[in-house]
Amino acid sequence: MLTQYLFIFAQVHEEFRIPELLSVSELYGFRIKFPDDLEQRTSRPFMILELESEEHAKLLARRCILIKYVCEFYARGKTYEEVHQQNRSRVALWQRYVHDTSFKFLVTAFNHTIPQWRQREVVESFSYMDFQGKIDMKNPDITLACFEEYKDRHGTTRAKDEGDGEFEEVWFGRLIETGSARALARKFDVKKRVYYGNTSMDAEMSLLMANQTLAAPGKLIYDPFIGTGSLAYTTAHFGAFVYGSDIDGRQMRGKVKTPGIIRAAAQYGVENRIMDLLTFDVTQNPWRCGELFDAIITDPPYGVRAGAKRLGRKNARPPREGPPPIHVPRPDDQPYIPPTRPYELSELARDLVLLARHMLRPRGRLVFFLPTVTEEYNEVDVQAMLCHGMELVANSLQDFGSWGRRLITVRKTTEEKYPKPSFDPAHAVTDNVTSHMPAHKDFREKYFQGFKKGGSDIC
């Protein structure tokens, strides 16, 4: 039998909320029944979900980054009269706590601060529940939570208590768990990290991405564009073992003897889960077999702060006359640094899917960010990247106005073994590559041109 639970979310990254819930429920092996008006619900911080057990609700609260509170749902209403009427009709849910259970009340609001005198009024209005246990404000057996939802009035000038009581809806239930995973965003705060760069992913988004990979103890996860390691720390925190690579080893190492990523991992106590850091071009990778990893997670460089590179020359060398020299001495005996050329974003994204199909185990996940131009984006942009054996799981937008970045989650659905990709655009096997021009193609050029289209600025 399913039980209703009230979830209160942080009102940020609304599009990431449902994919995170689905990923964590898949990780722990249980199902969630969502409300019918799901799209409308994601615009509000309150949502009623149905689960098989209270333990499942606790698991979600302990792992999901966007959850603030989880309550056993008792009542909701546009007025307190409606709340009390519904709460009385569901007496079977809370009657077992009446006689000898210590308790306290939590009365709070979204988009408003309730004055203390009215908090007392709200608490006293529930006197008919007739709890016989003692009131314990520090360590109660249960906490009864009442949440008032107000319209967003940020940016308006008003008196401190103006509009008090003019709520949209009231929600009431027994507090089960406070979202403990949200504190991880402070733990992994980039500003407090001993090693970071100008392309380091922010902590909250790194944690959301780690949840999309289903990171857990014993899993192997690979980041082919690891940079300064932001995604490695969060996935390792959840128990996974991480391999990372980058075409530029300086990003991983830093300027001191101990590599920067290892120093930052030690700060979080996960240095033993960073299995290795390798310097190579992902299109010339040394992996000798496929199906190595449970997930691939990455934030590919798309040219705003740093552009993606692959080995090769921008312009072909003129033909050399005569035999090549046996040895060309280098000044100061410096090591040879091979030339690189730009790696166009749509080509990179397509190659990433092909690499994932080869390197992932069955049902493994590829999780990566894809920047797009808002007005040009179409769903076929993402579908065109997919190939046989790879299916889209989630596509969530972080909106920056004229452009945004989409967190793409793709699952490997086949057990068929595929050869190592050639990374040659002429031999790509993805669908609709030649027939469709995606909004993320030549993103870097569009970004620095101000997203001008037809001579006018679309920002």
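Modeller: A term to begin with, since it will be needed at once: two residues are in contact when heavy atoms of theirs lie within 4.5 Å. Please also keep in mind that this is a predicted model.

Biologist: Okay, with that in hand, what is M209 in contact with?
Modeller: If we leave aside its neighbours within four places in sequence, M209 is in contact with M201, L231, I297, T298, V367, F368, F369 and L407.

Biologist: And which residues have the most contacts inside the largest nonpolar core?
Modeller: That core has 55 residues, and the ones with the most contacts inside it are F7, L21, I32, L51, L60, I67 and M209. Helix α8, which covers residues 203–212, supplies the largest share of this core, namely 6 residues. Apart from it lies another core, of 31 residues, with F225, F368, L370 and C387 among them. As general background, nonpolar side chains in soluble globular proteins tend to be buried together.

Biologist: Let's switch to α1. How many residues has it, and how far does it reach?
Modeller: Helix α1 has 12 residues and reaches 17 Å from its first C-alpha to its last, which is close to the 16 Å expected at 1.5 Å a residue. Following the helix comes G29, with a positive phi near 80 degrees.

Biologist: Which of its residues are buried?
Modeller: In α1, the buried residues include R17, I18, P19, E20, L21, S23, V24 and S25. E26 also has its place in this helix, which spans residues 17–28, but E26 is partly exposed, with a relative accessible area of 32%.

Biologist: Stay with E26 for a bit. What does it touch?
Modeller: Not counting residues up to four places away in sequence, E26 touches L214, R363, R365 and R411.

Biologist: How many salt bridges does the structure hold?
Modeller: It holds 24 salt bridges. One of them is between R62 and E55, where the closest N and O atoms are 3.8 Å apart; R62 is partly exposed, with a relative accessible area of 40%, and E55 is partly exposed as well, at 41%. Another joins the side chains of D294 and R361, at 3.1 Å from N to O, and this pair links distant parts of the chain, with D294 in strand β10 (residues 293–298) and R361 in strand β13 (residues 360–373), 67 residues apart.

Biologist: New topic, then: how many aromatic pairs are there?
Modeller: The structure holds 24 aromatic pairs. F7 and F9 form a stacked pair, 6.2 Å centre to centre with 20 degrees between the planes, and both F7 and F9 are buried. F126 and F172 are also stacked, at 4.3 Å centre to centre and with 20 degrees between the planes.

Biologist: Where do F126 and F172 sit in the chain?
Modeller: F126 is in the loop between α6 (116–124) and β5 (142–149), while F172 is in strand β6 (residues 169–178), so that the pair links distant parts of the chain, 46 residues apart. F126 is buried, with a relative accessible area of 2%, and F172 counts as buried at 0%. Ring pairs link Y74, W94, F103, F105, F126, Y128, F131 and F172 into a cluster.

Biologist: Last one: is E344 buried or exposed?
Modeller: E344 counts as buried, because its relative accessibility is 17% and the cut-off for buried is under 20%. Its place is in the loop between β12 (340–342) and α12 (345–359). The side chains of E344 and S346 are joined by a polar contact of 2.3 Å, and, not counting residues up to four places away in sequence, E344 touches H440, K441 and D442.

Conventions: Residues are numbered from 1 along each chain as its sequence is written. This is a predicted model: local features need pLDDT of at least 70, side-chain atom pairs count only at pLDDT 80 or more; totals for chains, interfaces and linings use all residues. Side-chain values use heavy atoms; hydrogens and water are left out. Helices (H or I, at least four residues) and strands (E, at least two) are DSSP runs, numbered from the N terminus. Buried means under 20% relative accessible area, exposed over 50%, partly exposed in between (1.4 Å probe, protein chains only). A polar contact is a pair of N or O atoms within 3.5 Å; within protein, one must be able to donate a hydrogen and the other to accept it, and residues adjacent in sequence count only if both atoms are side-chain atoms. A nonpolar core is a set of buried Ala, Val, Leu, Ile, Met, Phe, Trp, Tyr and Cys residues joined through side-chain atoms within 4.5 Å. A salt bridge is a side-chain nitrogen of Lys or Arg within 4 Å of a carboxyl oxygen of Asp or Glu. The expected span of a helix is 1.5 Å times one less than its number of residues. Rings of Phe, Tyr and Trp (its six-membered ring) pair if their centres lie within 6.5 Å; planes under 30 degrees apart count as stacked, over 60 as edge-to-face and the rest as tilted.
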